[in-house]
Amino acid sequence: MKPPARYSALGLARRGISGDSWPRAWRQVELRPSYDVVIIGGGVHGLATAYYLARNHGITKVAVVDKSYIGSGGSGRNTAIVRSNYLTPEGVAFYDRSLQLYNDMAGELNINVMFSRRGHLTLAHSDAALRTMRWRAEVNKLQGIDSSVIDPAQVKELAPSLDVSHHTRYPILGALYHPPGGIIRHDAVVWGYARAADAMGVQIHQKTEVLDILVEGGEGPEGKGAGGRVTGVRTSQGDIAAPIVVNATAGWASLISAMAGVELPISTRPLQAAVTEPVKVFLPTVVVSGSLHVYVSQTDRGELVFGASVDPYNNYSVRGSLEFTEELAGHVLELMPGISKMRLLRQWAGLCDMTPDYSPIMGFTPVEGFLCDVGWGTYGFKAGPVSGETMAECVATKSVPELIQAFGLDRFGHGRLVGEKGAAAVGH
Amino acid sequence: MTSDSRPFLPSLRSVRLTPGKPLLGPTESGQGNDGRLTGRLGARSGEVVDRRRPIRFRWNGTDLVGLEGDTIASALLANDVQLISRSMKYHRPRSYLTADYWDPNSLVQVGDEPNVRSAHRLLAPGMEVSAQNVWPSVEHDIKAANGLVGRFLTAGFYYKTFVRPRRLWPAYERVLATFAPGGSVDIDTPHGYYDKRYSHPDVVVAGAGPAGMTAAVAAAEAGARVMLVEHEPALGGHLRFGDAGQRAVVAGLGRELDRLGVEVLVDSTVTGRYEDNWLAINQRSHPGVVERLIKARAKSLVVAPGLIERPYVFAGNDKPGVMTSGAVRRLINGYAVRPGRRAVVLTANADGDRAVEILESAGVEVAAVVDARAGGDVVAAHGPARRLEEVERNDGSRVEADLLVIAIGWTAPTSLLNMAGDRPVYHDAGARFVPGAALDTVLATGGLVGDGSLDELLDHARATGRLAAGRAALTSHRLRFSTARARAVDGPEPPWPDDDRPDFAPDPHPALFRSSTHGMVDFSEDVSSKDLVAAAAEGYDSVELLKRFTTATMGPSQGKLETVNTVAVLAEARGETIEQVGTTVWRPPFAPVSLGALAGRVFEPTRRSPMHDWHESNGAVPLSAGVWIRPDHYGDPAAEVVNTRSNVGIIDVSPLGKFDLRGPNVTDLLNLVYVNRWSKLAVGAVRYGVMCTDDGVVFDDGVTGRLATDRYLLTTTSSGAAAVGEWMENWLQTERPKWQVSVTPVTDVFASMNLAGPKSRMLLSRLAPELDLEPERFGYMQVRIATVAGVEDCVVWRIGFTGELSYEVHVPADRGLEVWQAALDHGDDLGLAPFGVEAQRIMRLEKGHFIVGQDTDGLTKAGALGLGRLVALDKPDSVGRPELVWDGTGDERAPTEPCLVALQPTNPEIVPDEACQLLRPGTNEIVGRITSSRMSPTLGRSICLGQVRSDLAPAGTAVTVLLIDGRRVTAEIQAHHAHFDPEGVRLRG
């Protein structure tokens with residue numbers, strides 16, 4: 001493959017003078033009749049998997065198919081917060097690797113993903129919350145993660161707009177402070193992986209919807225299900241033969257898996273978010289309040305980006321609700337009473353594929369050649385790079401990397417759930 | 001408004017008014033030959049300003065005077081101020097483009113309020129208005145230097161640079177962040193009074209132009225209760241700034257609305273349409289409050305927002321002096337403000353033609369009319385950055401002008417229809433998007449749907465109003481029929497009114513989006529057509545990708561002005577039609593809405609027990625425990641423990657969750673939601689129970705007593721009450737609908753208090769002399785209904801969370817304080833003293849009783865708590881049973897699985913913080929954690945509960961505790977959870 005035009009200030013300058021345009025970031029090509037690997041879902045997980053398959057394992061006859069445009073799902077709808085201050089050692093190790101990959105991403109993918117390591121505050125409004133913060137801080141410290149519990153005065157210093165007085169209904173008693181956490185330009189991550197994967201030969205097919213997964217020899221109807229073997233996928237653009245199919249479709253994961261006869265313990269719920277009009281930057285860190293179900297950060301463009309916890313019911317609708325904005329505004333003003341005159345500009349929702357233990361489902365399934373990278377709930381974006389890296393290893397070596405051994409689908413059959421439930425519920 | 005604290009206050013009294021003589025008219029003959037570019041004209045017949053009422057305000061610190069009725073924009077232009085803002089990226093000088101709410105160049109700071117739409121906000125006395133995002137001033141802005149390197153700062157340039165060296169990015173980022181557009185927030189802004197209101201009108205009409213007003217009248221005449229909502233401060237839409245005849249139409253419709261009693265809201269916006277016509281209406285005009293959010297469940301919604309005039313893309317199209325025809329009409333006819341002196345008009349429609357007349361009537365010289373219908377076009381606006389000097393036409397000629405008026409077509413703001421699921425379709429002949437398929441109860445009318453004569457417009461609107469009312473009537477009828485409280489339905493169901501509205505569609509209009517040159521597409525984001533073409537060539541060639549890559553349409557105007565031009569430029573770049581490219585989805589809100597309005601008065605509920613005031617006046621230190629405020633202690637929790645253990649103490653436990661259960665299937669319910677057995681609970685007995693979720697994880701615990709054959713009182717943890725209530729209802733309503741159980745939450749029906757300590761029996765005997773307290777007849781885990789301190793029907797049960805002999809008394813809430821006081825009176829000589837939550841926590845820890853959520857976590861199953869024997873696996877069913885069966889109920893665990901243990905540090909002085917990690921001695925391997933810890937006043941040493949790997953749980957095992965400060969100490973696992981009185985002698989005494 002011809003190496004892509006390098007992004008650099010010099011390149012910008014040269015093109016600014018010559019008026020030449022940059023080449024396409026990824027090609028538009030015809031669908032081939034067969035691939036070695038088909039990845040369903042052109043979000044950060046699917047694209048990262050494709051990228052690491054090519055880069056780390058030399059597997060380039062790969063197609064990433066998406067029914068819409070790349071990054072149209074959770075990758076483009078999340079609030080772009082990354083952190084590694086998880087609760088369990090497994091979680092910490094996994095997300096720390098992800099954070100490391102994010103940290104090196106700009107250089108590696110040659111695109112500025114605008115990773116802003118501005119620090120991440122999780123506020124505690126009760127003894128119980130403070131105890132959980134301390135628990136996380138202690139686990140984090142033992143694993144070498146920069147994470148500590150700070151007092152209200154230190155909170156005020158880091159985020160002066162927060163009301164740390166005792167007059168509020170839910171006073172801020174302290175916070176878990178995680179300096180390496182921050183925000184990143186989520187779309188740029190998607191585009192960066194797409195461009196780099198494309199440069200190594202991976203094909204990206206947008207507006208290519210998977211209608212069925214072709215399986216033979218299984219126990220279920222039409223030869224699907226356990227014991228079967230994947231032979232390809234049927235798409236809106238035609239059939240593709242492939243011995244390996246990876247499901248990376250987040251909110252639609254259980255529907256896609258059902259096409260292969262694999263039932264997943266996943267329920268899909270909307271997660272809502274909203275953004276305000278821009279104002280001059282006044283909030284330098286990411287602020288999360290579990291008790292008030294809100295997280296907020298201010299982009300370099302000056303907009304406040306808000307998210308909440310998942311809606312309490314299953315739904316595939318990505319329309320926002322009025323109640324969400326009311327509750328959100330009430331809670332945000334509890335934390336930052338001074339911003340009542342800022343205006344909400346846009347609201348939206350994304351779909352979260354929730355598992356019973358708030359941990360993902362990664363790796364092999366009872367159908368040979370059909371792999372899952374799903375169950376990403378509300379924390380999928382943070383895990384994008386490491387998921388891609390480990391899933392690629394899984395596909396290439398046909399064995400499950402240690403980092404994701406805890407996340408196998410079979411854990412639900414053995415009662416070995418992962419303990420992030422308490423920490424991840426509103427753990428942004 | 002916002003500035004009553006500002007030093008400059010207007011003094012209307014100080015302005016001498018000469019009756020009959022306009023104070024602030026033009027200096028000469030209405031032509032304004034005053035050396036100014038813009039300024040106030042002589043009186044106009046339809047003007048909305050009141051010349052007898054001047055208003056003083058400040059612009060960037062300078063005192064200016066406007067008129068009542070002025071917007072900030074018209075007042076600034078009347079004062080010859082044109083330079084209002086600077087663009088986001090290149091800091092190009094900007095002035096008014098559309099001079100209405102959507103004007104991207106109009107955002108200013110007013111006092112502590114950022115991003116005020118100055119062409120919409122009415123001028124108020126004393127307003128402190130300033131340009132935002134400029135330094136040092138809007139006239140001389142240093143960042144305008146960005147314009148010089150603009151060719152390098154193409155859309156998305158930041159993705160391509162600052163890649164290496166990585167260590168410099170944080171520095172770059174800090175610089176980039178200073179480029180954030182918008183005004184500033186004063187973090188000390190007080191939270192003003194915002195309110196909310198619920199409403200249930202039959203029909204809501206969004207938009208009060210001629211079509212909306214007519215639809216509202218027609219719907220009201222058909223018998224509907226109608227709410228008419230107008231974004232602008234007055235009714236009339238585009239006719240408001242029209243000729244005398246048009247204004248008379250508005251006035252006539254206004255009288256009809258009055259006569260019919262239609263509720264009219266001005267300066268209010270329907271900001272969102274959610275499921276089932278659940279509408280958010282942001283009312284900015286309600287007296288006494290800053291803003292109000294009206295939440296209306298409308299049976300029908302009529303969408304009549306009119307049209308938004310679209311800017312035109314050509315070189316220099318963002319230069320001050322380039323304006324839409326609507327801006328000119330509004331400024332001259334409405335505010336009597338001259339927008340310029342010498343104009344060129346680019347027209348493709350009647351609005352443009354009318355603009356020529358309006359300009360001439362205001363004495364503005366029209367130097368040229370460029371008729372796009374005859375092939376004329378404008379290719380560039382020339383002049384220095386801040387001023388238009390020449391207009392270049394497509395024939396190569398240049399016309400000297402300081403004003404270029406654009407009338408090249410409109411955009412239909414279909415947002416509310418999008419929110420109802422409608423997708424706009426492109427109307428090729430009319431060169432704009434129009435609503436797609438008609439929806440049942442969301443009906444569009446007015447300019448959104450089509451053009452034509454005023455009569456045709458009003459005919460369509462009238463039919464739409466009638467249709468909306470007819471469909472609302474049917475919905476009303478069905479609602480009455482379907483509610484449980486329905487009276488006899490009055491009459492037969494009305495028929496479903498079919499959509500028989502007259503045809504109404506856009507008139508043919510030339511398709512004008514971009515001239516032969518490149519110019520700004522998104523004024524708020526500084527995105528040019530050239531940027532869009534370049535981005536599409538890079539592969540960002542679907543509307544959504546293009547939008548995300550360039551940020552076009554993402555700014556404060558929400559794409560109202562920019563979306564269609566974006567789509568048109570992309571279509572051009574792709575060599576496709578606009579129809580093929582399609583448009584983007586408009587999400588709520590329709591117009592930005594303040595956080596204050598959404599939040600309202602901010603109700604965060606606080607619950608207090610009936611004895612709360614007593615606690616307060618007796619020195620209790622409050623503890624915020626979820627929704628409750630509780631006494632943490634009364635000064636010295638350790639002393640409270642000692643007193644309770646040696647005498648008797650009393651604690652307010654009113655927040656304890658309580659449910660009254662009745663009906664034949666109560667036992668079935670208890671057997672289902674608790675993992676232990678309930679069939680043999682005798683009347684008068686109390687049993688401890690543990691609830692698990694489906695995955696076998698402990699979810700709540702508490703005791704339940706059988707008060708009578710068919711009556712039970714179930715208690716939950718204080719924090720778990722709401723969740724347990726929902727949990728039981730969920731099982732009853734969705735999984736076991738045939739069971740007859742009524743679950744009544746009675747948490748606040750009772751005031752609850754616990755008498756604990758060796759002398760509690762003595763105390764209770766004084767309070768309830770008729771109650772037989774002999775241990776053999778009222779033993780541990782028994783319940784009685786008794787008269788306590790003269791209060792009948794109190795529930796008294798013998799349990800022992802503290803590990804002491806104790807009686808929990810549930811008293812009718814209104815008598816709580818009385819019984820509490822009586823207990824104190826009777827207990828004086830027994831050494832009775834109140835104790836708080838902290839003392840209770842210490843005592844339960846001494847006794848080894850766990851707290852769900854503190855000593856357990858999201859994975860803790862019943863077996864891990866040593867409750868294995870409690871789990872009844874031979875029951876037909878219980879929630880979590882499959883997991884528990886599988887797990888085995890025995891207390892034997894897999895070696896790595898954690899279980900709950902008691903621990904004591906070898907150094908009795910050291911109290912490890914809760915959440916300290918337990919390590920395998922000599923390593924950093926985490927083997928568990930401390931879940932509870934305290935200094936025990938009873939034992940005089942530190943005590944803990946913790947979770948630890950099962951293979952390290954045997955008594956006597958030593959583990960390392962990593963303290964918060966990094967020190968490592970040793971603790972020893974204890975044989976029993978209880979550090980104190982493991983046999984329970986005191987409890988059962």
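Okay, quick definition before anything else: two residues are in contact here if their C-beta atoms, placed from the backbone, lie within 7 Å. Keep that in mind, and remember that what we have is a predicted model.

So, chain B. Take its contacts between residues at least 6 apart in sequence: 67% of those join residues at least 24 apart. Chain B has 989 residues, and 54% of them count as buried. On the secondary structure side, you get 51 strands and 23 helices in chain B. As for extent, the C-alpha trace covers about 110 × 80 × 65 Å along its principal axes.

Now the domains. The assignment for chain B lists domain 1 (12-152), domain 2 (195-307 + 414-482), domain 3 (513-593), domain 4 (636-844) and domain 5 (892-989). Let me pick out domains 1 and 2 of chain B: their centres, over C-alpha atoms, are 31 Å apart. Five residues of domain 1 and six residues of domain 2 make up the contact. And on the domain 1 side of it, we've got three nonpolar residues, two polar and no charged ones.

How many residues of chain B touch it? That's 77 residues of chain B, in contact with 75 residues of chain A. The chain B side splits into 34 nonpolar, 21 polar and 22 charged.

One last thing, and it's a strand pairing across the two chains. Strand β17 of chain A, residues 343-354, pairs with strand β32 of chain B, residues 593-594, antiparallel, over two bridges. If you want to find it on screen, go to A:R343, whose bridge partner in β32(B) is B:S594.

Key:
Residues are numbered from 1 along each chain as its sequence is written. Chains are lettered from A and ligands numbered from 1 in the order in which they are written. This is a predicted model: local features need pLDDT of at least 70, side-chain atom pairs count only at pLDDT 80 or more; totals for chains, interfaces and linings use all residues. Domain bounds come from an automatic or database domain assignment. Ala, Val, Leu, Ile, Met, Phe, Trp, Tyr, Cys and Pro count as nonpolar, Asp, Glu, Lys and Arg as charged, and the others, Gly among them, as polar. Two strands pair if DSSP finds at least two bridges between them. Helices (H or I, at least four residues) and strands (E, at least two) are DSSP runs, numbered from the N terminus. A residue is buried if 20 or more other C-beta atoms lie within 10 Å of its own, exposed if 12 or fewer, and partly exposed in between; C-beta atoms are placed from the backbone.
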